[in-house]
Structure formats: structure tokens, C-alpha cells
Amino acid sequence: MDISQQLINECKSNNRLSQKALYLQLLPYLRAVCVRYLYNTNLVKDVLQEAFILIFKNLNKYDSNKGAFHKWAVTITINATLNYNRRMSLRNQDQFEIDLHDIPQIPVVLQNLSIEASLHLLKKMPSDYFEVFNLFIIDGYDHKEISEMLDINVELSRKRLSRARVWLKEAFAQQSEKNIDIKKPS
Amino acid sequence: MKHLEDEYNKRFNMQELSNDDFDVDGLWDAVEKELDEPAPKGGGFFWSKKMFLSGLLFFFIFGGGIWFGIKYSENSSKTVAINTQNKTENTSIKTSINQEEKTQSKAATEKTKIESTEAETEAETEAETEAETEEIKTTKIKTAETTTKEAELQITEATTKAEPQITETTTKSEPQITETTTKSEPQITETTTKAEPQTAETTTKEAEPQTAETTTKEKAQTIAKIEPKEATTIAKTKTPKQKKELANKAANALKNIQLPQKNIKWEIELFGGSNRTNLDFNSTEPDDFALLKEDTEKEYWGTSYGIHIGVVGEKHWTIKSGFEVHQLWTKFDYTQITNAPKLKENALLKVWVDETSQDTLKTEYGDKVVNTVTTREVIHFNQYQQFSVPLLVGVHKDFGKFNSGITAGPVFNFITKQIGKSLDGQAEIALFDESNTAAPLKSFNIALRVAPFVGYNFTDKLSVNLHPQWTWQAHNNYDNTTIKTSLHQLNLNVGVGWIF
């Protein structure tokens, strides 16, 4: 995604047309980020609204030497999404955590899953692991950055990633065992 | 595993979602609307109110202390200043005596400010000033004898070179009336003497044309009214030895003057310590939920630190205020048991087994409703950050090196952070923060505090204090229920105080 410096400068000077152009360019990516991180996808619009306002109001703080603009915008959106997740009532999370103890009903091969299904599977992971897995594996943040974003220490970030991997691995393995048991019940 | 991660990365990194099924313009309108709104200035009304209240409190404490100080000083003392400057000897002496009026106080509290306590020189100067009458500038004498009725004896002014006057003598001598008014202020007492007829007569008689001698005698007589012995001595003193004796005497007199004591002392104290916070949930009606809340919210340790500024008055009263930061913690401890039916998809329903060989002949799968019992134990430490401005009044007593006392009063609390888990109004586990209705505390409240203290004074200026304190805060009904929330905070603080 290429966003010109000129467009950014025009947005800084509060040019509404430029701001809308930037909004239209960013929206498909940021929406995908929100959908991926949010447990409650009904909140996508709210989170996006908050994220865009933060982006436009903090444009002057953006330093092009520190990285690409879209990465900066994605980081703001992820932070807004994580905050929403934290504020969310645990009522939904209860159900989610109960589900964690069940054997995931998933096929062995990921390639056979649709994007929505693979994301749904990922969201069955405990939220702490899910966040770190997303940030590290998909969005490419390092542990130091993750620790700052989640307000945890680097060691804990590593630990959570390791557990996320184990969880995912076990989820697939258990599914395979189940298939075997079905064939040979005791 | 690596393959799995790569696959996820490939699918979701820089993923784009089509805007076809999304209200793009609706979102933009909402964003634009917020961008058009002017940014709030400063921290908004709430913060300005906090600042205003804090400022008001500090003004009250400091202003009160200063006012009391000034008032006390005005009532209890009177200042008499004597400045003597001997031009001849080029010696400058300034003495100020702060003297308590006899009528006002039994125990004299005197404030003496000696800018230059060259007592010896001063005494010598006095003696010389009194004795060397030839230095009197103006002496006008008209005797009664020479001018009969119209004759007036006027020693209008006796002004020595050493100004301002230690003794100011005004003598008006009419044929029958001579009035001598003497103001003498160097020796603490203030005396106004009206000359008796006898004195007047004597003065008149002695007011012979021998100006210098007469005046000396007159002066000596006048002084004698005030300090009979000393005045005579001063008048007659001529030898250096006597002068020196006088000087010593004056020096001793100055030494004997009791140095003043401060009426009010200020104390600044830096302190830190730990606190233990407990949340109470009470209901006027029998309420199981109140009991459940009470059982699940448990007290826990936190930390406190801050600065106190206090005034300690003479009658042991004290006023304290300051600024405190409290990190309060409570423990949410709840075991949730959920019993719920659940649909299990593709569950093994039936198995047909061969009786002889025990081989599985057939299996049947299908959806099945099963009962699930989930036990979930949640232990969470809830955090509250609180800034406090206390306004405490009480008593403070010194016992040698030790001091102790007790203070009590309101505390203005600003709770800026609340984060944790709790049972919300529907008895469900909920995450809360300060913006959530499940947050138990009000962002601003006025609490009551009782704080005894004991201290040890290492020096006149440095003390170490130990002060436990108990604070009680009342809060609103919890999350739209009938349950009243209150907070008890017990502190044990250790502080270092600087007295000035």
C-alpha cells in the first residue's frame, strides 16, 4: 500500500478532501485488522471510527523515518481494538473460555478452511495467546513492540507465543486422535 | 508448525476487505463530525474543579496559618525600639526590645532583636551622653527669680548628639507649675512621671544660670525618677572604671532578657507506607447479592506516599494538609459454577460390538445435548489509583524528644484509575474500568479520616513520625442496585518531618 507523503501533508493541514482520500485508501486494510482482532465483530464500525479519529488527530506525530505510514495506522487500529476487547464484558468471554476446553471441531488441513473459518478457529484460542499470535505471526511485530502494546514484559510475550503455538498444535493433534478413536472405540 | 504459521501470515497479513458490504459513507460522516468538533481545552471542567478545590484548600491552610501567626504576634507584644548612634565615636548600636505589656500577660514573652549587641559600648555611650552635658545643643533657661511671674524656666529640649534619645526630657516651668514628663524606654518599664511640687521647686531653684551643671543635675534627677540608682550613677559617673562597671551591668541586663519563643511552627513531612483497603457492600434489605459481593471482594495491601504541610500552634492545635497518592488494591475471588446443557455435534451415539470377538461392528454419530458443568475460579487483583488532599485538624503535643497527637477531618479524593474484575449488577463477572458502571468507586468523593501519630525529634528541625490512619469513603449505590458501597482504608505511614 503506497500512501504519498503529499497526501499526508495535505491531511495534516486539515484538508477534508485529502482526509477522505486517505480514509478510503486505508479503510479496507484497517477493517480487516479490526475484524481479525475483535471478538465482537458488531463493534467494527465503532472501533474504526475511533481509530480514524486517532489517526487524523495524531498525524503530526507520525515520523516517516520510523516506518511506513500504513504500519503506523495499523498499529493505532490494533491498539484501539485491543482496548475494546479489554473493555468488553466477560460474559461473552465466559462462553469463549468454556469452549476452550472442548476439542476444536476442525479439519486437519488448514488449507481446506475458508478465511472466515480459519479466523474463527484462531479466535478460539485464549485471548492472551491470540493477541500475541496475531501480533507476532501475522502482523510482524517483535516481542519488544508487543510488550509495549500489551503492557507486559518481553518474557511473557515470548511465553504466550510459545503457548499459542502449543495450543494450535494440540488442537490439530487432538482432532487427528479423535478421528482414530472413532475408528477403534474401546 | 512453521508451515501453519506461514499459512496464517499469508492469509491475513495486509489482508484487504471489500467495502461492498460496508457503510463507508456512514463511517466517514461520523469521523468527519468528530474531526469538526473543537478539542476540549485543558482537562475540562472536572480537572479545573479539582485544581480549584486543591488551590482553595492550600490557600485556606497557608492563609490560616499566617493569619493566626500575625494575630498572635499583634496581641501579645509591643515593640520598643531604641537606636543609639554615637556620632563622635562613630559607633552604631541598634537595640530593639520586644516587650510584652504588663497588663496583658503574666508571663512576659519578650522579643528581642539585637542587631548589634555591643552592650559595653552602648553603656559607655549612655554614660557619656548623660555626663557630658556640654554637648547639649539647646538649653534655654529663664528663672522665676529674675523674671518674676513671667519668668519661665524652659528646658525645652535636651537633645544630645546621640540620636534618637534614650531619655527625652521636657520641662515646662511656670511660676507655680512645673511638669516634668519623662519617657524612658530602655529598661523594659515605661514610666510617666508627673513632677511633684517639691520636685518642681527643686528644679526651679536649681535652674541657675550655670547651665551645664544645672542641666546635668536636672537630667540626673529626672532619670532618678525612673531608675534612681542608675540615673544618679550615670550622672555622676566619670571614671572609666565606673563606666565599665555600668557597661557590664547593661550587658548582663541584656543577657537576662528572655529570648522569645516562636508562637507557631510549620512542619513539612514526606511520608510513605502501606495501606489495606476493604470494600463494603451493604444493603438495607436482606440481599443475597450484597453478601455475595461482600464475600467476593477481599481486602488487600497497597502503597501510599505523599507530602503533608502542617501548622502547630502554641496551644497544641495543629492543621495539616497536603497531597497524597494511593495505590489501592482489592482482591476479587470468585468461583463460578455453570451448569448448562450444550449441543455436542457429531457425538458418538451408538456402537455395535460383536459379542464373541468384541469387534466393533457399527458406530453411529449425531448431534446430542449434553450437560456441561463448568467450574471457573477467578482471582483478580483490582487496582484503584487515588489522589487525596486531606484537611485535618487536631492536637499536637511535645514530650521532650517525643511528640504525639491526633488529627481528624475530611479528605478530598480523586480516583483517576479503576481497573479490575467484579460481579456486575446482574451478578455476572465483568471487567470494569473507571468509565464502566461496574466500577465500584466514584471518581470524586469526600472521605473522613482519623489519624493519630507519634514522632521522635532527632533535632529541633528534624523528626521521624509514625502515623497510622483510618479513612472511610461512602460511595453511590453499586451498578444500579440497592447495595451501598463504602471503602475502608487503613494506612501505616512513616514520615520524615522538617520543622521550621
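Chain B averages a pLDDT of 69, and 58% of the residues score at least 70. Over residues 226–235 of chain B, pLDDT stays under 50, and the model has 22 contacts beyond four places in sequence for them, two residues being in contact if their C-beta atoms, placed from the backbone, lie within 7 Å. Where pLDDT is low, the predicted coordinates should not be read in detail.

Local features need pLDDT of at least 70 and side-chain atom pairs count only at pLDDT 80 or more, whereas totals for chains, interfaces and linings use all residues. Residues are numbered from 1 along each chain as its sequence is written, and chains are lettered from A and ligands numbered from 1 in the order in which they are written.

The model scores ipTM 0.79 and pTM 0.39. Contacts join 35 residues of chain B to 36 residues of chain A. On the chain B side, the largest share, 8 residues, comes from helix 2 of chain B.

Helix 4 of chain A (residues 69–87) has 19 residues and reaches 27 Å from its first C-alpha to its last, close to the 27 Å expected at 1.5 Å a residue, that is, 1.5 Å times one less than its number of residues.

Technical notes. Helix = DSSP H or I, 4+ residues; strand = E, 2+ residues; numbered from the N terminus. pLDDT = per-residue confidence, 0-100.
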